[in-house]
Amino acid sequence: MSERLAKFIARSGICSRRAAEELILQKRVTVNGEIISSPAFNVEGSEKILLDGEKLPQIETTRVWIYYKPVGLVTTHKDEKNRPTVFEHLPEGLPRVISVGRLDLNSEGLLLLTNNGELSRKLELPSNGWARRYKVRVHGKIDEAKLADLKQGTEVDGIQYGSIKAEIITVKGSNAWLQITLTEGKNREIRKVMKSLGLEVNRLIRLSYGPFQLGNLQPGEAKEVPQKVLKEQLGAKFVG
């Protein structure tokens, strides 16, 4: 059975499907000695496929880890500002992995990691309808009516955000803890939306991503999701 070359490269675990498409467009990939320039090129998998003249890693069983990203790390393999990255600080023993989406520098909590770039792409899609749940500490005066209105969606600086469920956990003086649940997860969405309500986010922890929970993990720790659980939770998305 044939598949897109970019998808095949992503499944080898070296990068995401989007990054694989870029590698192909840069004419860095050959199939049976021929330079390929179209990400739509199909392969069976039995061909001699090289990236920069080197063989791709052998495709392994798909694995997923739940990682507690600490504050102060960027979610990228290489940062142009030379800031410390998630992938430089992973626990020992993990193979080369790719993140499912990102958490910004000052956010912490659950970050899914996988050795399958194609699966990473699938799990990021908003069409999955997966809820992402956060515990968020804010500073400022809370308007409960405006928080409730976020369920209808909101627009900030010309960007439309989908439904956001924001619930008050505790309030102490001008500080409060909120539980925020959303499904889109656009860039810095929570911080921007809270700022539009006059609230400053000073701590943001992701507690869950779809069916996966942070649990009692501590910053910097990771645990692998059992294969049985992956198949149960991911169904057709699971690539074994």
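This is a predicted model: local features need pLDDT of at least 70, side-chain atom pairs count only at pLDDT 80 or more; totals for chains, interfaces and linings use all residues.
**Strand β10**

Strand β10 spans residues 132-139. Its covered face carries R132, Y134, V136 and V138. R133, K135, R137 and H139 sit on the uncovered face. In a regular strand, side chains alternate between the two faces of the sheet.

| Partner of β10 | Partner residues | Sense | Bridges | A facing pair |
|---|---|---|---|---|
| β15 | 200-209 | antiparallel | 8 bridges | R133 and S208 |

**Nonpolar cores**

The largest nonpolar core holds 19 residues. V136, V138, I180, I190 and M194 make the most contacts inside it. Two or more residues come from each of β10, β13 (164-172), β14, α5 (189-196) and β15. β14 contributes the most, with 4 residues.

What does I190 touch, leaving out residues up to four places away in sequence? Its contacts are Y134, V136, I180, L182, V201 and L204. Of these, Y134 and V136 belong to the covered face of β10.

A separate core of 18 residues lies apart from the largest one. V64, L110, L123 and W177 are among its members.

**Cavity**

Rolling a probe the size of a water molecule over the atoms shows where empty space is left. How many cavities of 30 Å³ or more does the model have? The count is 1.

Conventions: Residues are numbered from 1 along each chain as its sequence is written. Side-chain values use heavy atoms; hydrogens and water are left out. On a 1 Å grid over the protein atoms alone, a cavity is a set of points where a 1.4 Å probe fits but cannot get out, and a pocket is an open set with protein on both sides within 12 Å along at least five of seven lines; lining residues have an atom within 4 Å of a point. Grid points are joined across faces, edges and corners, and a volume is the space filled by probe spheres set on the points. Buried means under 20% relative accessible area, exposed over 50%, partly exposed in between (1.4 Å probe, protein chains only). Two strands pair if DSSP finds at least two bridges between them. A nonpolar core is a set of buried Ala, Val, Leu, Ile, Met, Phe, Trp, Tyr and Cys residues joined through side-chain atoms within 4.5 Å. Contact means heavy atoms within 4.5 Å.
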